[in-house]
Amino acid sequence: MAQSKWICKNVDVCDKAFNNDGKSFDDLMGHDVEAQLQPYMCEACGKPLVEVKPQSNKVDGKKIAIIAGVIAVLGSVGFVAYKFISGDWPGEKPTITVTIEPVSPTVTVNETVKLTAKTDQKDAKLTWTWASENESIAKVSRSGVVTGVKEGSVKITVNDEKKKVSESVTVTVFPDVPIIQSIKLIPESLSLRVKASGELTTEITPENADQSSLRWESDKPSVATVNAGNVNAVAEGEAVITLTDTKGGVKAEAKVTVTKGITDIPPPPCGTYKGETSANGQPHGLGTFTYRVRTLIDDHKMIYAEQGDYITGNFREGKIVSVQLYGSGGNLKQTVIPQQPASICR
């Protein structure tokens, strides 16, 4: 029948137990007994023994033949070398951790970025092989240099086939957008009345240049402010509006002159106006116009404003767009929407 070894481990209780430093006494190598379902008892202390499973006797004949051949040729030194090279040395093999830097690489089309593979084992002798998952987006050289081909994202992998280690990183390829060469503001000078607004347009060369880093600025916000090219007149004076490409340093300027508001402009002969104005001081936007004399304000429907009547609503460069006509006493007469903008005074 099969034989098993049973050992007493009742330390400090049984003189046949292991001592405290983990080594057994010479005369306590265990008890050879027949294997059965119930545990055996120690002859000394009467407590259960702990079973030590017998080791497998299965032998790899091919492996023994190879080792024997190496020993016969090289002796004991050859045996040690064989064990080391074959990786059949006792103990677990250490795990190699691989990292790639930079961790979030980006590159522009036709530009390059260098990837570096590093391990946590300085003495690990590794032979790296780099590969791109999609070379139509980005290619990678033997040394880890990535070249952008077209816009997109692609996984780049580095590995050592012998050590069976690998790591990957995603490379983002941005389109090849040219930088700004020159900027021009149109017009280069702008005249506005207080509370009026105007617009500056741009001419950028080349037209497809990267405009993400453009910045508008007024040197005197107390006189005129600017937002994406829209200029608002605040007070009398002069201000310089600048558009700068903060990435390339290219810039352009426009001079803004602000004069007095509509309250200082002589009123139209047919009445008086209060409200928003255009750059040249004409009623423009929301406002109210009060008539001094009887005036035809819609010649298609033959609508007249009598002396003392007033209209309030939308105007465009001194013309009526859509307004409501009120009597001098404040009573609503009707809504006036000419087929085409009609002049306030005729």
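Buried means under 20% relative accessible area, exposed means over 50%, and partly exposed lies in between, with a 1.4 Å probe and protein chains only. The structure is a predicted model, in which local features need pLDDT of at least 70, side-chain atom pairs count only at pLDDT 80 or more, and totals for chains, interfaces and linings use all residues. Residues are numbered from 1 along each chain as its sequence is written, and side-chain values use heavy atoms, with hydrogens and water left out.

**View 1. Strand β10 and the two faces of its side chains.** Strands (E, at least two residues) are DSSP runs, numbered from the N terminus. β10 covers residues 145–148, and its side chains alternate.

**View 2. The partners of β10, strands β6 and β9.** Two strands pair if DSSP finds at least two bridges between them. β6 (residues 112–114) runs antiparallel to β10, and three bridges join them. In this pairing V113 stands opposite V146 of β10. β9 (residues 138–140) also pairs with β10 in the antiparallel sense, over three bridges, and A138 stands opposite G148. The hairpin of β9 and β10 has four residues between the strands, and G144 takes a positive phi near 90 degrees there.

**View 3. The largest nonpolar core.** A nonpolar core is a set of buried Ala, Val, Leu, Ile, Met, Phe, Trp, Tyr and Cys residues joined through side-chain atoms within 4.5 Å. This core has 22 residues, of which L200, A224, V231, V256 and V258 touch the most other members. Two or more residues come from each of β13 (182–186), β14 (189–193), β18 (224–227), β19 (230–233), β20 (237–245) and β21 (251–259). β21 gives the most, with four residues. A second, separate core has 21 residues, including V158, V169, V171 and V173.

**View 4. The surroundings of V258.** Contact means heavy atoms within 4.5 Å. Leaving aside neighbours within four places in sequence, V258 is in contact with L192, R193, V194, V223, A224, A233, A235, E236 and G237.

**View 5. The disulfide of C270 and C345.** A disulfide is a pair of cysteine sulfur atoms within 2.5 Å. A search of the whole structure finds one, which joins C270 to C345 with an S to S distance of 1.5 Å. The link is left-handed, with -65 degrees about the S-S bond. C270 lies in the loop between β21 and β22 (271–277), and C345 in the segment after β29 (342–343), 75 residues apart. C270 counts as buried because its relative accessibility is 6%, while C345, at 26%, counts as partly exposed.
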